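Okay, thanks everyone, I'll keep this brief.

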Amino acid sequence: MPRSITAYSNPLVKRVQGLRDKRHRREEGLFLAEGLRILTEARETGRVPELMFYAAASARHPLVIALIDAVEAAGGEAIETTEAILSKLSGKDNPQSVVGAFATLDTSLDRIDRTDSPIWLVAERLRDPGNLGTILRTGDAVGAGGLILIGDSVDPFSTEAVRASMGALFTMPLARTTWDAFLPWLRGGPGQLVGLSLRTDTDYRAATYQAPTFLLTGNEAQGLPREAEDACDLLVKLPMRGKADSLNAAVATAVMAYQVLSQHVPLSGAIR
């Protein structure tokens, strides 16, 4: 039978709550994910939390039961608790019914197989966790092979980024690297590097994209550095017909991803 924890002072509660801090996540090798939908999607990809807290009121929900069974079968622990403790763990006044502590995912660049997909998303110094989550969801939607984060980007395992990904963190391969490591890796095989930039006259709809396309988005405030733009095979821009001079990084990535998809996957569904 799963054990019950109802005291704030319990060491395990304090340990899991500490995972909201980046330093503790690194030390523990764990990160938090919350919500029945996100944990269920993780389970469906073969990943289950090492520790899971769930509200007593949800104990009979079939998806919660499936999660408890999967956690215990994998050697983890499922713990019944109160909504007050779930709120403490998640940092939200209205917490989800389940919170899980997962082993940190492998984010090495070497695990990326560029032949898995004709579209890859690359973000350079992305700082906003909401943008990161949205880009992961976009990648999942267009069937991208994964997301490669370059440089000093936001921690993808922060509570805010995991929440914003709505489960895509578990369905999309993710790599973290430096620009100096990424560029030789990219040039070691096929791949067209396409950068989003205002310093070009090439309209994104007029360009030709070659598979695999690596779609590069820059920092929200500064865009791509000159070094990165110079390394791109192609620079494109989105037309701005109003007073705005640029789109949100995640929105621009989504528009571009669907444009690339339209060239790589015609109506027949065949990848060129």
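Helix 3 goes past helix 4 in a left-handed crossing, meaning the near helix is turned anticlockwise from the far one by less than a right angle, with clockwise being right-handed. Before I go on: this is a predicted model, with local features needing pLDDT of at least 70 and side-chain atom pairs pLDDT 80 or more, while totals for chains, interfaces and linings use all residues. Residues are numbered from 1 along each chain as its sequence is written, and side-chain values use heavy atoms, with hydrogens and water left out.

Helices (H or I, at least four residues) and strands (E, at least two) are DSSP runs numbered from the N terminus. Helix 3 is residues 36-44, helix 4 is residues 62-73, and they pack at about 45° with axes 10 Å apart. Axes are lines fitted to C-alpha atoms, for helices over the stretch in contact, and angles run from 0 to 180 degrees between N-to-C directions.

Now the sheet: 5 strands, open, in the order 1-4-3-5-2, with mixed pairing. Pairing here takes at least two DSSP bridges between two strands. Strand 2 runs antiparallel to strand 5 (residues 98-103), over 5 bridges, and E34 has V99 of strand 5 as its bridge partner.

And how do the helices sit on it? Helix 3 lies across strand 2, strand 3 (51-55) and strand 5, at about 35° to strand 5. Helix 4 packs on the sheet too, touching strand 3, strand 4 (77-81) and strand 5, where contact means heavy atoms within 4.5 Å.
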